[in-house]
Amino acid sequence: PSENLRGGARYLRFLLDLFEQDLRLALAAYNAGENAVKRYGNQIPPYPETQEYVVRVLRFLHAEREGLRS
């Protein structure tokens, strides 16, 4: 499990660098693949699963950041 987490973190870092620190695009690429994001002009692909994934992860991140401020 720890290797899996490290590998996922490295891949997310790669995607953030690839998409110029755009977290939304990096998350979309993590879910749908970097080529899908590129194919749709560096936009979130119109796949319902991917669009929902990006919203869900950003919602969790926002809630986590708010919790840290309390």
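Me: Leaving aside its neighbours within four places in sequence, which residues is Thr 50 in contact with?
Reply: Thr 50 is in contact with Ala 28, Asn 31, Ala 32, Ile 44 and Pro 45. Keep in mind that this is a predicted model.

Me: Where is the place of Thr 50?
Reply: Thr 50 is in helix 4.

Me: Buried or exposed?
Reply: Buried, because its relative accessible area is 2% and the cut-off for buried is under 20%.

Me: And Ala 28, where's that one?
Reply: Ala 28 belongs to helix 2. With a relative accessible area of 0%, Ala 28 is buried too.

Me: What does Ala 28 touch, not counting residues up to four places away in sequence?
Reply: Its contacts are Gly 33, Val 37, Ile 44, Pro 45, Thr 50 and Val 54. Take Ile 44: in sequence it is 16 residues apart from Ala 28, yet in space the two are 5.8 Å apart, C-alpha to C-alpha.

Me: OK, back up a bit. How many helices and strands are there in the protein?
Reply: 4 helices and 0 strands. Along the sequence that reads as α-α-α-α.

Me: What box do the C-alpha atoms fill?
Reply: Roughly 40 × 25 × 20 Å, taken along the principal axes.

Me: And what share of the residues counts as buried?
Reply: 23% of the 70 residues.

Me: Back to helix 4. How many residues does it have, and how far does it reach?
Reply: Helix 4 covers residues 48–69, which makes 22 residues. From first C-alpha to last it reaches 32 Å, close to the 32 Å expected at 1.5 Å a residue.

Me: Which residues of helix 4 are buried?
Reply: Thr 50, Tyr 53 and Val 54. They sit on the same side of helix 4, because they cover an arc of only 95° around the axis.

Me: Why do residues three or four places apart point the same way?
Reply: An α-helix has 3.6 residues a turn, so residues with that spacing point the same way.

Me: What's exposed on the other side of helix 4?
Reply: Over there you'll find Pro 48, Arg 59, His 62 and Arg 69 exposed.

Me: And what do the buried residues of helix 4 pack against?
Reply: Helix 2, residues 23–32.

Me: At what angle do helix 2 and helix 4 pack?
Reply: About 130°, and their axes are 9 Å apart. Helix 2 and helix 4 are therefore oblique to each other. The crossing of helix 2 past helix 4 is right-handed.

Me: Which residues make that contact?
Reply: From helix 2, it's Leu 23, Arg 24, Leu 27, Ala 28, Tyr 30, Asn 31 and Ala 32. Helix 4 brings Glu 49, Thr 50, Tyr 53, Val 54, Val 57, Leu 58 and Leu 61.

Me: Let's switch to helix 1. At what angle does helix 1 pack with helix 2?
Reply: Helix 1 and helix 2 pack at about 130°, with axes 9 Å apart. That makes helix 1 and helix 2 oblique to each other, and helix 1 passes helix 2 in a right-handed crossing.

Me: Which residues meet there?
Reply: Gly 8, Tyr 11, Leu 12, Leu 15 and Leu 16 of helix 1 meet Leu 23, Ala 26, Ala 29 and Tyr 30 of helix 2.

Me: I clicked on Arg 13. Where is its place?
Reply: Arg 13 is in helix 1, residues 2–18. It is partly exposed, with a relative accessible area of 42%. Arg 13 and Leu 23 are 10 residues apart in sequence and 9.9 Å apart in space, C-alpha to C-alpha.

Me: How accessible is Asn 42?
Reply: Asn 42 is partly exposed, with a relative accessible area of 39%.

How values were computed:
Residues numbered from 1 in each chain as written. Predicted model: local features only at pLDDT ≥ 70, side-chain atom pairs only at ≥ 80, totals over all residues. Heavy atoms only, no water. Helix = DSSP H or I, 4+ residues; strand = E, 2+ residues; numbered from the N terminus. Expected span 1.5 Å × (residues − 1). Buried < 20%, exposed > 50% of the residue type's maximum accessible area, 1.4 Å probe, protein only. Arc of directions from axis to C-beta. Contact = heavy atoms within 4.5 Å. Axes fitted to C-alpha atoms, helices over the stretch in contact; angles between N-to-C directions. Parallel < 35°, antiparallel > 145°, perpendicular 65-115°, else oblique. Left-handed = near helix turned anticlockwise from the far one by under 90°.
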